[in-house]
Amino acid sequence: GLIGMVQFLPLLLLVLVTGSVADRYGRRLVMAIAVALEVLCAAGILYFSWRGLTSPLPVFAALAVLAVARAFYGPASQALVVNLVPLKDFANAISWNSTAWQVASIVGPVVGGLLYGIGANVAYSVAILMLLASLLLILRIPEPPPPEVIRKITFSSVFEGLHFIRREKVVLGAISLDLFAVLLGGAIALMPVYARDILELGPWGLGLLRAAPGVGAVLTAAFLATSPIRDES
């Protein structure tokens, strides 16, 4: 529960400034700095595991920094897609991006469980290598053109997104629905307890539990894609 809180609070507190920072300082740069911070956090957790440290406070600190990095990475990476593909291919790119995310959410926890079964240090080391590969790929992304007008980050600009959401009812409904999913989704942080104490599973079983939401998302998307659309008008 504390791990879930430590990872959620930075997202909540920084939600109003992360998008503005990405627009002002460059989405690729923000992504690269965020991933570099994630590498440092993973290296710190690997060090804690290697030294056999059992105090939770250093782990909570590393996870808090990791959450800050992810808070800035999310808006920057989502907005960068517009600069990578032509407008006519944007919808297709979003579809591929979503598919890749869901596949990773399925394969990643399963592989992570297998690696952790071999050894905790093995899992953390592979995570560091994957993050370094991600950082190199981000740096190879062509520099997007600078915005025509660079506005200063002011109090009004920070809340401009909230005003837009309030005006657009469809966006407001979608974000409100997603908000409840995010708030209730924090129960995922309790999965290690269920895997170990209730279901009596090892790392492999925990990996399957973490992959289950991704499997459900893919099945739902496949069902919606194959279901006929009825015209109620």
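Visitor: Which residue just after α2 takes a positive phi?
Guide: Just after α2, G26 has a positive phi of about 100°. Please note that this is a predicted model, in which local features need pLDDT of at least 70 and side-chain atom pairs count only at pLDDT 80 or more, while totals for chains, interfaces and linings use all residues. Residues are numbered from 1 along each chain as its sequence is written, and side-chain values use heavy atoms, with hydrogens and water left out.

Visitor: And which residues of α2 are buried?
Guide: Helix α2 covers residues 18-25, and its buried residues are T18, S20, V21 and A22. Buried means under 20% relative accessible area, with a 1.4 Å probe and protein chains only.

Visitor: How many helices and strands are there?
Guide: The protein has 11 helices and zero strands. Both are DSSP runs numbered from the N terminus: helices are H or I of at least four residues, strands E of at least two.

Visitor: How much of the protein is buried?
Guide: Of its 233 residues, 24% count as buried.

Visitor: Now A67: which helix is it in?
Guide: A67 lies in helix α4, residues 56-84.

Visitor: Why does A67 count as buried?
Guide: A67 counts as buried because its relative accessible area is 4%.

Visitor: What does A67 contact, leaving aside its neighbours within four places in sequence?
Guide: A67 is then in contact (heavy atoms within 4.5 Å) with V6, Q7, P10 and L11. The C-alpha atoms of A67 and P10 are 6.0 Å apart, although the two residues are 57 apart in sequence.

Technical notes: Buried < 20%, exposed > 50% of the residue type's maximum accessible area, 1.4 Å probe, protein only.
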